[in-house]
Amino acid sequence: MEALLSRTLARYERVLANVADGIYGLDADGRVEFVNPAAVRMTGLAAEEQLGRDQHAVIHGRRPDGSPYPKHECPVWGALRSGRTITAEHEVFWHRDGTPVPVELIAVPTVEDGAVTGVVVSFRDLTDRLAARRQAAELRRVTERAAEQRALSDRLQQALLTPPPEPDHLQVAVRYRPAAHGAQVGGDWYDAFLQPDGATMLVIGDVVGHDSDAAAAMGQLRGLLRALAYDNDEPPSDTLSRTEHVARGLAVSTMATVVLARVERHPDVPVAGTRVLRWSNAGHLPPVLLAPDGSTTLLETRPELMLGIDPDAPRTDHTAELRDGHTLLLVTDGLVERRDADLDEGLATMREVLRDLGETSLEELCDTLLGRMLPVDGADDVAIVAVRAHPEDRPRPPEAGPNRLPPGVD
């Protein structure tokens, strides 16, 4: 006698042929009486290869490790024996080529005159869904690792980017803005310190790379440069060369662009209204001088190699006067570089932005410059060192704040 479910399924065969889920109709013994095209496609077994056969034995009879899957543990068989609807998500059907097909299924028994006459099984291939879950989990792991790495790098950078000194009649302001959340941390850094003779040393640099290794290399290079520049009056070019030789000797393997500058008084002229800016540039953006009237001078020089390529590369020194009321700006490329414009355009934009800031207080100048150039956080870190010279024949202006000198420096 034909089972009730077979008659019912046959009635809807045209509809079920277009259903995306696999559909089986099984008799009371679990033999296949109906199979729709989706079930054929998911198992690779033609309908005639399945009809009349025990569905559990054909596509469901072993676990993913190859061991037998007892029939009494099968949810389909459980629906037949209990007469209750059973759902399961972590089941495996087998394709004819031996590939496991993870499925979720629902087994609904059919009952006639109080007796279970069969079961309708609807199942869905979970291969794509599980792959998406694995990808999402891996993405979460990668994101978490990146966040941990970013937090470590940020802590390292913040520990190294110390407050600048405030020598007499020379005001120094610094800014560091990390890249937008989710972007990789960079190796930008700044430094400012006094030498024993009272000269002010300024450093701006950018290590090649965007990860915790770049941040660690930045810390090593910053420490070397600071130690070698502190207690000698050699030209900045010589200090850069020595730094590169020492870095190579100590296996500090990294490449970086750097400007090392020294602000000093004119020899034998203690109060002259001007100071000498002496610098050497290892492949970095040129310094910018901002006059009180808003005009700017780009201190461009012949390009020289960045650090980490050739320790014997020739390096030169350059000088310019830093007059009272003038501001020196050292920046990293995150401030001016854009995907849709080159560095020259970015520098031109920065000079235009500075046009009305020549007499703005130094701290406000830095904040305004960042706000105008980067209204939202960019894809790269940004470091800024700004230095303004104040007249030596009058008191330090209130907006410059009090002197801040290291111990032992008058």
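Trainee: Where is tyrosine 190 found?
Mentor: Tyrosine 190 is in strand S7, residues 187–194. Keep in mind that this is a predicted model.

Trainee: Why does tyrosine 190 count as buried?
Mentor: Its relative accessibility is 6%. Buried means under 20%. So tyrosine 190 counts as buried.

Trainee: How far apart are tyrosine 190 and aspartate 206 in sequence and in space?
Mentor: They are 16 residues apart in sequence. In space they are 8.8 Å apart, C-alpha to C-alpha.

Trainee: What makes arginine 226 and aspartate 191 a salt bridge?
Mentor: The N to O distance is 2.7 Å. The cut-off is within 4 Å, from a side-chain nitrogen of Lys or Arg to a carboxyl oxygen of Asp or Glu. The pair therefore qualifies as a salt bridge.

Trainee: Which parts of the chain does that pair link?
Mentor: Distant ones, 35 residues apart. Arginine 226 is in helix H8, residues 212–230, and aspartate 191 is in strand S7.

Trainee: Buried or partly exposed: what are arginine 226 and aspartate 191?
Mentor: Arginine 226 has a relative accessible area of 30%, so it is partly exposed. Aspartate 191 is at 2%, so it counts as buried. Partly exposed is the range between the buried limit, under 20%, and the exposed limit, over 50%.

Trainee: How do you know that aspartate 324 and arginine 275 form a salt bridge?
Mentor: Their closest N and O atoms are 3.7 Å apart. The limit is within 4 Å, so the pair counts.

Trainee: Why does this pair tie together separate parts of the sequence?
Mentor: Aspartate 324 lies in the loop between strand S13 (318–323) and S14, while arginine 275 lies in strand S10, residues 274–282. The tied parts are therefore 49 residues apart in sequence.

Trainee: Why do aspartate 324 and arginine 275 get their burial labels?
Mentor: Aspartate 324 has 24% relative accessibility, so it counts as partly exposed. Arginine 275 has a relative accessible area of 5%, so it is buried. The buried cut-off is under 20%.

Trainee: What makes aspartate 27 and arginine 31 another salt bridge?
Mentor: The closest N and O atoms are 3.2 Å apart. That is within 4 Å, so the label holds. Aspartate 27 is buried because its relative accessible area is 9%. Arginine 31 counts as partly exposed because it is at 35%.

Trainee: How do you know that S10 and S13 pair?
Mentor: They share 6 bridges, in the antiparallel sense. Pairing takes at least two bridges, so they pair. Tryptophan 279 stands opposite histidine 318 in S13.

Trainee: Which side chains of S13 are buried?
Mentor: His318, Ala320 and Leu322 point to one face and are buried.

Trainee: How many bridges join S3 to S4?
Mentor: 7 bridges join strand S3, residues 86–94, to strand S4, residues 100–112. The two run antiparallel. Phenylalanine 93 stands opposite valine 101 in S4. S3 and S4 form a hairpin with 5 residues between them. In the turn, glycine 98 has a positive phi of about 90°.

Trainee: What joins S4 to S5?
Mentor: 10 bridges, with the strands antiparallel. Valine 111 has valine 116 as its bridge partner in S5. This hairpin has 2 residues between its strands, and aspartate 113 in the turn has a positive phi of about 55°.

Trainee: Which residues form the nonpolar surface patch?
Mentor: Val208, Met255, Leu305 and Ile309, with about 310 Å² of accessible area together. Patch residues need over 30% relative accessible area. Isoleucine 309 is at 41%, so it counts as partly exposed, and it passes that limit.

Trainee: Which residues form the negative surface patch?
Mentor: Glu300, Asp340, Asp342, Asp344 and Glu345. Aspartate 342 is in the loop between strand S14 (327–331) and helix H10 (343–353). Aspartate 342 is at 40% relative accessibility, so it counts as partly exposed.

Terms used: Residues numbered from 1 in each chain as written. Predicted model: local features only at pLDDT ≥ 70, side-chain atom pairs only at ≥ 80, totals over all residues. Heavy atoms only, no water. Patch = residues over 30% accessible without salt bridge, like charges linked within 9 Å, V, L, I, M, F, W, Y side chains within 5 Å. Areas by Shrake-Rupley, 256 points an atom, 1.4 Å probe, with all protein chains shown as cover. Lys, Arg positive; Asp, Glu negative; His and termini not counted. Charge placed at Lys NZ, Arg CZ, Asp CG, Glu CD. Helix = DSSP H or I, 4+ residues; strand = E, 2+ residues; numbered from the N terminus. Buried < 20%, exposed > 50% of the residue type's maximum accessible area, 1.4 Å probe, protein only.
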